[in-house]
Amino acid sequence: AEYMGTRFGSGPEVAVGLRKKLKEFPRIKADDEPTRIRDLADLCKVVEINVRFIPELSDLNMSTGLSIVRCKLPSWVDNKWIEKGGQYEESQGFHPPFAFFCEFIRGIAKKSCSPHFQKPNLDQDKVVKKTDVAGTKTKDKLGNSKGQTTQHRVLKTD
(Lines give C-alpha, C1' and ligand atoms only; values in the text may rest on other atoms or scores of the structure.)
Protein backbone atom coordinates (compact mmCIF):
# COMPACT_ATOMS: atom_id res chain seq x y z
CA ALA A 1 0.00 0.00 0.00
CA GLU A 2 2.88 2.35 0.77
CA TYR A 3 4.38 1.72 -2.68
CA MET A 4 1.05 2.47 -4.35
CA GLY A 5 0.79 5.75 -2.45
CA THR A 6 4.24 6.88 -3.54
CA ARG A 7 3.74 5.61 -7.09
CA PHE A 8 0.25 6.95 -7.79
CA GLY A 9 -0.44 9.42 -4.98
CA SER A 10 -2.64 9.32 -1.93
CA GLY A 11 -6.29 8.29 -2.06
CA PRO A 12 -7.48 11.91 -2.24
CA GLU A 13 -5.02 12.63 -5.05
CA VAL A 14 -6.20 9.60 -7.01
CA ALA A 15 -9.82 10.65 -6.41
CA VAL A 16 -9.12 14.13 -7.81
CA GLY A 17 -7.47 12.62 -10.88
CA LEU A 18 -10.30 10.19 -11.56
CA ARG A 19 -12.96 12.87 -11.07
CA LYS A 20 -11.09 15.06 -13.53
CA LYS A 21 -11.11 12.23 -16.09
CA LEU A 22 -14.84 11.73 -15.57
CA LYS A 23 -15.57 15.44 -15.78
CA GLU A 24 -13.49 15.90 -18.95
CA PHE A 25 -14.94 12.87 -20.70
CA PRO A 26 -16.93 14.26 -23.65
CA ARG A 27 -20.69 13.91 -23.92
CA ILE A 28 -21.42 10.93 -26.15
CA LYS A 29 -22.87 11.90 -29.52
CA ALA A 30 -24.72 9.68 -31.99
CA ASP A 31 -21.95 9.50 -34.59
CA ASP A 32 -19.42 7.96 -32.19
CA GLU A 33 -21.75 6.19 -29.80
CA PRO A 34 -20.55 2.56 -29.69
CA THR A 35 -16.85 3.27 -29.21
CA ARG A 36 -17.40 6.18 -26.82
CA ILE A 37 -19.78 4.11 -24.67
CA ARG A 38 -17.08 1.43 -24.53
CA ASP A 39 -14.48 4.08 -23.59
CA LEU A 40 -16.76 5.33 -20.83
CA ALA A 41 -17.29 1.76 -19.59
CA ASP A 42 -13.52 1.28 -19.46
CA LEU A 43 -13.05 4.48 -17.46
CA CYS A 44 -15.89 3.52 -15.13
CA LYS A 45 -14.20 0.17 -14.47
CA VAL A 46 -11.03 1.94 -13.32
CA VAL A 47 -13.10 4.23 -11.09
CA GLU A 48 -15.17 1.30 -9.81
CA ILE A 49 -12.05 -0.49 -8.59
CA ASN A 50 -10.98 2.63 -6.71
CA VAL A 51 -14.40 3.41 -5.19
CA ARG A 52 -13.94 0.42 -2.88
CA PHE A 53 -10.67 1.74 -1.47
CA ILE A 54 -10.93 5.52 -1.65
CA PRO A 55 -13.60 7.06 0.59
CA GLU A 56 -13.53 10.33 -1.42
CA LEU A 57 -15.17 8.48 -4.32
CA SER A 58 -17.99 6.92 -2.28
CA ASP A 59 -20.47 9.60 -3.38
CA LEU A 60 -20.54 7.89 -6.79
CA ASN A 61 -22.74 5.31 -5.04
CA MET A 62 -25.44 8.00 -4.77
CA SER A 63 -27.52 9.65 -7.47
CA THR A 64 -25.92 13.06 -6.89
CA GLY A 65 -22.41 11.66 -7.32
CA LEU A 66 -23.38 9.60 -10.34
CA SER A 67 -24.66 12.67 -12.18
CA ILE A 68 -21.09 13.47 -13.30
CA VAL A 69 -21.23 10.32 -15.44
CA ARG A 70 -24.91 10.27 -16.40
CA CYS A 71 -24.68 13.68 -18.06
CA LYS A 72 -22.28 12.12 -20.61
CA LEU A 73 -24.77 9.47 -21.74
CA PRO A 74 -26.97 9.65 -24.83
CA SER A 75 -30.61 10.02 -23.77
CA TRP A 76 -31.57 6.50 -24.85
CA VAL A 77 -28.90 5.02 -22.53
CA ASP A 78 -29.89 7.31 -19.67
CA ASN A 79 -33.53 6.28 -20.11
CA LYS A 80 -32.50 2.62 -19.89
CA TRP A 81 -30.52 3.45 -16.74
CA ILE A 82 -33.55 5.14 -15.18
CA GLU A 83 -35.52 1.94 -15.79
CA LYS A 84 -32.78 -0.43 -14.58
CA GLY A 85 -31.73 1.74 -11.63
CA GLY A 86 -35.36 2.27 -10.67
CA GLN A 87 -35.97 -1.47 -10.57
CA TYR A 88 -32.93 -1.89 -8.34
CA GLU A 89 -34.08 0.87 -6.01
CA GLU A 90 -37.58 -0.63 -5.76
CA SER A 91 -36.27 -4.09 -4.92
CA GLN A 92 -33.37 -3.06 -2.62
CA GLY A 93 -34.76 0.10 -1.06
CA PHE A 94 -31.77 2.31 -1.95
CA HIS A 95 -29.97 3.80 -4.96
CA PRO A 96 -27.86 1.29 -6.88
CA PRO A 97 -24.13 1.40 -6.12
CA PHE A 98 -21.60 2.58 -8.68
CA ALA A 99 -20.57 -1.04 -9.35
CA PHE A 100 -24.13 -1.80 -10.50
CA PHE A 101 -24.07 1.22 -12.81
CA CYS A 102 -20.71 0.07 -14.22
CA GLU A 103 -22.10 -3.40 -14.92
CA PHE A 104 -25.03 -1.75 -16.72
CA ILE A 105 -22.72 0.44 -18.87
CA ARG A 106 -20.49 -2.54 -19.73
CA GLY A 107 -23.58 -4.42 -20.92
CA ILE A 108 -24.69 -1.51 -23.11
CA ALA A 109 -21.14 -1.16 -24.50
CA LYS A 110 -20.89 -4.86 -25.27
CA LYS A 111 -24.18 -4.85 -27.16
CA SER A 112 -23.58 -1.60 -29.01
CA CYS A 113 -20.07 -2.64 -30.11
CA SER A 114 -21.10 -6.12 -31.22
CA PRO A 115 -20.88 -6.53 -35.01
CA HIS A 116 -24.19 -8.41 -34.82
CA PHE A 117 -26.02 -5.30 -33.60
CA GLN A 118 -24.31 -2.56 -35.59
CA LYS A 119 -26.66 -0.26 -37.43
CA PRO A 120 -26.52 -1.19 -41.12
CA ASN A 121 -25.12 1.40 -43.51
CA LEU A 122 -27.66 1.34 -46.33
CA ASP A 123 -25.58 3.72 -48.45
CA GLN A 124 -22.41 1.58 -48.44
CA ASP A 125 -23.33 -0.11 -51.76
CA LYS A 126 -24.10 3.16 -53.52
CA VAL A 127 -21.92 5.73 -55.19
CA VAL A 128 -22.81 9.32 -55.90
CA LYS A 129 -22.30 10.82 -59.35
CA LYS A 130 -22.52 14.55 -59.92
CA THR A 131 -23.67 15.77 -63.29
CA ASP A 132 -24.02 19.24 -64.66
CA VAL A 133 -27.70 20.09 -65.14
CA ALA A 134 -27.05 22.53 -67.96
CA GLY A 135 -24.69 20.10 -69.66
CA THR A 136 -21.84 22.61 -69.70
CA LYS A 137 -19.59 23.80 -66.97
CA THR A 138 -18.35 27.32 -66.55
CA LYS A 139 -15.33 28.49 -64.61
CA ASP A 140 -15.16 31.30 -62.10
CA LYS A 141 -12.23 33.76 -61.87
CA LEU A 142 -10.19 31.25 -59.87
CA GLY A 143 -10.73 28.45 -62.36
CA ASN A 144 -13.26 26.55 -60.25
CA SER A 145 -16.21 24.91 -61.99
CA LYS A 146 -19.54 26.65 -61.61
CA GLY A 147 -23.02 25.69 -62.57
CA GLN A 148 -25.84 23.71 -61.08
CA THR A 149 -25.15 20.14 -60.19
CA THR A 150 -27.48 17.40 -59.17
CA GLN A 151 -26.74 14.12 -57.45
CA HIS A 152 -27.79 10.73 -58.77
CA ARG A 153 -27.44 7.59 -56.70
CA VAL A 154 -26.26 4.59 -58.70
CA LEU A 155 -25.86 1.04 -57.42
CA LYS A 156 -22.39 -0.41 -57.72
CA THR A 157 -22.18 -3.24 -60.18
CA ASP A 158 -18.87 -4.74 -59.01
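**Notes on the core and the salt bridges**

1. Start with Val69: setting aside neighbours within four places in sequence, Val69 is in contact with Leu22, Leu40, Cys44, Phe98 and Phe101. Contact here means heavy atoms within 4.5 Å. Keep in mind that this is a predicted model, where local features need pLDDT of at least 70 and side-chain atom pairs count only at pLDDT 80 or more, while totals for chains, interfaces and linings use all residues. Residues are numbered from 1 along each chain as its sequence is written, and side-chain values use heavy atoms, with hydrogens and water left out.

2. Val69 also turns up in the largest nonpolar core, which has 30 residues; Val47, Val69, Phe98 and Phe101 are the ones that touch the most other members. Two or more residues of this core come from each of helix 2 (11-24), helix 3 (33-51), helix 4 (63-70), helix 5 (75-92) and helix 6 (98-113). Helix 6 is the top contributor, giving eight residues. For the record, a nonpolar core is a set of buried Ala, Val, Leu, Ile, Met, Phe, Trp, Tyr and Cys residues joined through side-chain atoms within 4.5 Å. In soluble globular proteins, nonpolar side chains tend to be buried together.

3. On the overall layout, there are six helices and four strands in the chain, and along the sequence they run α-α-α-α-α-α-β-β-β-β. These are DSSP runs numbered from the N terminus: helices are H or I with at least four residues, strands E with at least two. If you take contacts between residues at least 6 apart in sequence, 61% of them join residues at least 24 apart.

4. Now the surface. The chain has 158 residues, and 28% of them count as buried; that means under 20% relative accessible area, with exposed being over 50% and partly exposed in between (1.4 Å probe, protein chains only).

5. A search of the whole structure gives five salt bridges, each being a side-chain nitrogen of Lys or Arg within 4 Å of a carboxyl oxygen of Asp or Glu. One of them pairs Arg19 with Asp59, with the closest N and O atoms 2.3 Å apart. That pair links distant parts of the chain, 40 residues apart: Arg19 sits in helix 2, and Asp59 in the loop between helix 3 and helix 4. Arg19 is partly exposed, at 23% relative accessible area, and Asp59 is partly exposed at 23%.

6. Helix 3 has local pairs too. Asp39 and Arg36 form a salt bridge, closest N and O atoms 3.0 Å apart; both lie in helix 3, three residues apart, or about one turn of the helix. Asp39 is partly exposed, at 28% relative accessibility.

7. Lys45 and Glu48 meet in another salt bridge, at 3.7 Å from N to O. Because they are three residues apart in helix 3, about one helical turn separates Lys45 and Glu48. Lys45 is partly exposed at 33% relative accessibility, whereas Glu48 is buried at 11%. Look at Arg106 as well: a network of salt bridges links Lys45, Glu48 and Arg106.
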